[in-house]
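Please open the structure in a viewer and follow the stops below in order. Each stop names a selection and then describes what is found there.

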Amino acid sequence: MDVKIEASWKSKLQDEFLKNYFILLTALVREEYAKNKVYPPAALIFNAFEHCPFDQLKVVIIGQDPYHGPGQAHGLCFSVKDGVTKPPSLVNIFKEINEDIGTPIHQSGNLERWADQGVLLLNATLTVRAHQAGSHQNKGWEEFTNAVIKIISDAKENVVFLCWGAYAQQKAEIIDKSKHLILASPHPSPFSAHRGFLGNKHFSKTNDFLRSKGLAEIQW
């Protein structure tokens, strides 16, 4: 089965694409796109990998579901396209960046600029039905994204993993803490941001760690 994904990732994940669960997942996702409105657009399912080749990866931000409203999801967790209103969680992310390192709040919520610097913006589930949050959970995507995280953990060193909220923190169990930095806090959602996301200083801590390893910091 041929999966259209960036070349360096394809070589790392080739065995995963041949596993039975992924073949079943592919069939289900194709049927969902044929019968329902599904986000992101099919061509952008693996967009996070397209912008962040394996060798350039320095940071992983773990999200949960793609946005399920029209025009929002484009394959990068927490990100929306230029001109789309920033969702509340992204508003809080930008607020924390501003408070933490003084970067002015960007007008655009498009985070491709982060991905192009080596930030993998990985949702645990890569597709969702319109207006039905969580509708593609427990279909196989989590097994795939767990495999992605394990490959990163095993094959690389000195990666920063940002795990916001309980769901993302479950993924931290896969990561080798002796090789990588894990930064965990509550989720940036308005329901939880004031319980410890705001003030977590994850963006300065990420850059401090990268600099300490001789790596270029992220221009947040």
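How many salt bridges does the count come to? The count comes to six salt bridges in this predicted model.

**First stop: a link between a strand and a helix.** Select Arg-129 and Glu-32, whose side chains form a salt bridge with an N to O distance of 2.6 Å. Arg-129 belongs to strand E4 and Glu-32 to helix H2 (residues 20-35), so this pair ties together parts that lie 97 residues apart in sequence. Glu-32 is buried at 12% relative accessibility, whereas Arg-129 is partly exposed at 26%.

**Second stop: a network.** Select Asp-208, Arg-211 and Glu-217, which a network of salt bridges links. Between Glu-217 and Arg-211, the closest N and O atoms are 2.3 Å apart. Glu-217 is partly exposed, with a relative accessible area of 31%; Arg-211, at 46%, is also partly exposed.

Select Thr-125, located in the loop between strand E3 (119-123) and strand E4 (128-129). Thr-125 counts as buried because its relative accessibility is 0%, under the cut-off of 20%. Its side chain makes a polar contact of 3.4 Å with the side chain of Glu-142. Beyond its neighbours within four places in sequence, Thr-125 is in contact with residues including Asp-65, His-136 and Tyr-167.

The largest nonpolar core has 63 residues, and Ile-61, Trp-114, Leu-120 and Phe-144 touch the most other members. Select Leu-120: leaving out residues up to four places away in sequence, Leu-120 touches, among others, Trp-9, Phe-49, Ile-61 and Ile-152.

Notes:
Residues numbered from 1 in each chain as written. Predicted model: local features only at pLDDT ≥ 70, side-chain atom pairs only at ≥ 80, totals over all residues. Heavy atoms only, no water. Core = buried A, V, L, I, M, F, W, Y, C linked by side-chain atoms within 4.5 Å. Buried < 20%, exposed > 50% of the residue type's maximum accessible area, 1.4 Å probe, protein only. Contact = heavy atoms within 4.5 Å. Helix = DSSP H or I, 4+ residues; strand = E, 2+ residues; numbered from the N terminus. Polar contact = N/O pair within 3.5 Å; in protein donor to acceptor, adjacent residues only side chain to side chain. Salt bridge = Lys/Arg side-chain N within 4 Å of Asp/Glu carboxyl O.
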